[in-house]
Amino acid sequence: MSADKHLQSWQERFEMAEAMQPLLGKLYRNQGVEVVVYGKPLLNASTIEIIKAHRLVRRHVGEKLRLRESFPFVQALSKLAVKQCKVDIGKLAVNYWRDHTDVSEIESYMAKELADAIDHADDVAPRDVVLYGFGRIGRLLARLLIERTGRSNKLRLRAIVLRGGKKGDLEKRASLLRRDSVHGPFNGSVEVDEENNAIIANGTYIQVIYANSPDEVDYTKYDINDALIVDNTGIWKDEAGLGLHLQSPGASKVLLTAPAKGAIKNIVYGVNEGDITPEDIIVSAASCTTNAITPVLKAVNDKYGIENGHVETIHSYTNDQNLIDNYHTADRRGRSAPLNMVITETGAAKAVAKALPALAGKLTGNAIRVPTPNVSMAIISMNLNAETSKDELNEYLKDTALQSPLQNQIDYTDSTEIVSSDLVGSRYAGVVDSQATIAEGKRAILYVWYDNEFGYSCQVVGVMQTMLGLTTLSLPA
């Protein structure tokens, strides 16, 4: 292919992706239809992101999916009365072109494949969400909730609750939402309403409330009712402490974005969200590390069985550590985070058992905090009940990442050049680094990357949806 043909091919793809964008936006905003390509979301995607999502199809099926092949499916979808669902255009297009050579039957094919979502009753009322705390996880949750803003959105961010309220605080909070040193600028517009003490982000009106205790707020004063309170502070971790939220009028359920104590259910979305019942009013989304390792451990245990194992976490430093040496209640964590590797404890290995009881008592764990601001790695060393090899184990995990019910939690890379900063913004709970896999006989060691901020926040949103009964129909099945 000549240089001109390469440029022409790129131009065609770019223009096709641009033509897709308004259709994708209208489908979500007006009908609640989220379009993906083999699991990769196209909601608010740039033209380049749409092109890259199509390129990744080769990993799944061994052949390209061209934008000119998928675009007619987006057009057909926009003509159907489909509501409140997730539609994988990639899978639909690939399946269609295996048996067809022209576009004449696409609309009838789509109507048949999406029959369950056509004229689907949209009788689920939107639910209010309050973020209690607005730190690293709180602000990323806000970004994830705001990106889904639209008339059809059922998960509505209504307020954030903060301690303090000093002069200039509101603008400072808005500025931290606008700009992030790790995750980059906010994708949109952030305004401050000083008179009403609110932040307006991409049309989402977010009331800013100041309180020093979970039971001090009357949410009904702000027309917030039956709300899910997402506690991002980590201060309260048991039923007594988290139960204080439920004493505030307008609050109905609580989700903790940290491991919980006592009998509170620790949920890893994709693994045990089915354990959540309508009666559960306080739930934990476990930790970032527990979310990263549990899906991979489940996959391995399902096929090979795990006799025992050890998890070593190489974790980016967190906000509770010191920039320079200073007092800290925990051992070693008082030493300068940007200058040291710091050995510390992690409860992630034991916490796995709360989400995956089959591994109770089988895992140990430790952690090393390292001088990076985000993205961590879990090194999982296992003794298996069945023999395997590096190639066999990798092939199984690749298939799990591409085709299984865990495909939204587990990603897989065979790159020999990937490093931690490449995973910033990953929406997966964990990414298996196949080049580092070691397996021989009944011994196996896996290296799993994870964005301990953004990937975890995506998992939290899944738990929020489950708690509020806002699960989405995914098609094709």
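Where does histidine 183 lie? Histidine 183 is found in the loop that runs between helix H8 (169-178) and strand E6 (190-193); helices (H or I, at least four residues) and strands (E, at least two) are DSSP runs, numbered from the N terminus. The model is predicted, so local features need pLDDT of at least 70 and side-chain atom pairs count only at pLDDT 80 or more, while totals for chains, interfaces and linings use all residues. Residues are numbered from 1 along each chain as its sequence is written, and side-chain values use heavy atoms, with hydrogens and water left out.

The overall form of the protein comes next. The protein contains 13 helices and 20 strands. Its radius of gyration is 23 Å, which agrees with the value near 23 Å that a compact globule of 477 residues would have; the radius is taken over C-alpha atoms, and the globule rule is 2.2 Å times the number of residues to the power 0.38. Along the principal axes, the C-alpha atoms fill a box of roughly 65 × 60 × 45 Å. Of the 477 residues, 51% are buried, where buried means under 20% relative accessible area, exposed over 50%, and partly exposed in between (1.4 Å probe, protein chains only). Contact means heavy atoms within 4.5 Å. Among contacts between residues at least 6 apart in sequence, 71% join residues at least 24 apart.

Histidine 183 itself is buried, with a relative accessible area of 17%. Its side chain makes a polar contact with the side chain of glutamate 453 at 2.8 Å. A polar contact is a pair of N or O atoms within 3.5 Å; within protein, one must be able to donate a hydrogen and the other to accept it, and residues adjacent in sequence count only if both atoms are side-chain atoms. Not counting residues up to four places away in sequence, histidine 183 touches residues including Arg136, Asn374, Val424, Asp451 and Glu453.

Valine 375 is located in the loop between strand E15 (363-370) and strand E16 (376-389), and it is buried at a relative accessible area of 3%. Its phi is positive, about 80 degrees, although the residue is not a glycine. Tyrosine 317 is 58 residues from valine 375 in sequence, and their C-alpha atoms are 9.5 Å apart in space.

A positive phi also occurs at glutamine 84, where the angle is near 45 degrees. Glutamine 84 belongs to the loop between helix H4 (67-79) and strand E3 (85-88) and counts as buried at 18% relative accessibility.

Histidine 328, in the loop between strand E13 (306-316) and strand E14 (342-344), counts as buried at 18% relative accessibility. Its side chain reaches the backbone oxygen of aspartate 320 at 2.9 Å. Aspartate 280 occupies the loop between strand E11 (265-266) and strand E12 (282-284) and is buried, with a relative accessible area of 14%. Its side chain reaches the backbone nitrogen of threonine 277 at 2.8 Å. Leaving out residues up to four places away in sequence, aspartate 280 touches Lys253, Lys265, Asp275 and Met467.

In helix H8 lies arginine 173, which is in contact with Phe134, Leu162, Arg163 and Ile199 once its neighbours within four places in sequence are left aside. Towards the end of the chain, a cis peptide bond with omega of about -5 degrees joins leucine 475 and proline 476. Proline 476 is in the segment after strand E20 (473-475).
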